Amino acid sequence: MKFYSSLYGWTWEVGEEQMGYYSIASYNGAAVMGLGQGPGGAGMMVPYFYTDDINISAATAASLGGTVFMGPMEIPGAGVMALVTDPTGAVHGLWQAREFQGFGVAYEANAPGWFDHSSSDPEAAATYYSTLTGHTVIEPSPGMKVLNVGEQWFASVSENQVPERQGAQWNSIYVVDTLAAARDKIRELGGTIVLEEMPVPGSAICAFVEPVMNTVVTIMGAGSPE
């Protein structure tokens, strides 16, 4: 929490002991991330897909080759959740909202701006997620698959470039005002820059390893990704 607060200016609502102290990060009062404790020696970003009926969505995920390994389970005062391993091995969540709707802001500085799924089989991943969620898949350039709702692009489905170092996974990408200032802050906080800057449509990205759980994190300069 200290690291992300220092980098993004987030504040936190820490959960009760019976909820494992699961905490919600906010920026200017809008929810931007949840943080929980889990087994293992490294952190992991997990996006949740909104659903009107989580039982149907969980059954659909299983029929498509996914493995529902947690839930569906009620989160008091918030909604119903489930965790799923997709057919490529990446973890995602399902969320049926009640009191808590999810992200309160996106595509702005210090908030989520993009999501990326990487695996050894992006074709299978794209088919799985488009069938599960009803989102469409487009291919704006050869080898680049994008999930979108209407005209809004929100996630890329790509080939894992370093399979020997990491398995299939989702990466939640947060927006910063400027990459240069963010890199300086990350180094000050003990993080390690592993990708200085790389152009992407409408913006540029930087990748770093955060110093607490050694999670590889990607950030995006403020812009208008297309």
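A salt bridge is a side-chain nitrogen of Lys or Arg within 4 Å of a carboxyl oxygen of Asp or Glu. By this rule the count comes to 7 salt bridges in the structure above, which is a predicted model.

The secondary structure of the protein chain consists of 4 helices and 15 strands. Its radius of gyration is 17 Å, close to the 17 Å that the globule rule gives for 226 residues, so the chain is as compact as a globular protein of that length. Buried residues account for 42% of the 226 residues, and of the contacts between residues at least 6 apart in sequence, 50% join residues at least 24 apart.

With regard to charge, the protein chain carries 7 positive and 23 negative side chains, and the centres of these two sets lie 10 Å apart.

| Salt bridge | N to O distance |
|---|---|
| Arg98 and Glu74 | 2.5 Å |
| Glu196 and Arg187 | 3.2 Å |
| Lys145 and Glu139 | 3.3 Å |

The salt bridge between Arg98 and Glu74 links distant parts of the chain, since Arg98 sits in the loop between β7 (91–97) and β8 (112–119), while Glu74 belongs to strand β5 (residues 67–75), 24 residues apart. Arg98 is partly exposed at 41% relative accessibility, and Glu74 is partly exposed at 46%.

In the pair formed by Lys145 and Glu139, Lys145 is buried, with a relative accessible area of 11%, whereas Glu139 is partly exposed at 45%.

Finally, Glu196 and Arg187 belong to a network of salt bridges that links Arg183, Arg187, Glu196 and Glu197.

Definitions and conventions:
Residues numbered from 1 in each chain as written. Predicted model: local features only at pLDDT ≥ 70, side-chain atom pairs only at ≥ 80, totals over all residues. Heavy atoms only, no water. Helix = DSSP H or I, 4+ residues; strand = E, 2+ residues; numbered from the N terminus. Rg over C-alpha atoms; globule rule 2.2 N^0.38 Å. Buried < 20%, exposed > 50% of the residue type's maximum accessible area, 1.4 Å probe, protein only. Contact = heavy atoms within 4.5 Å. Lys, Arg positive; Asp, Glu negative; His and termini not counted. Charge placed at Lys NZ, Arg CZ, Asp CG, Glu CD.
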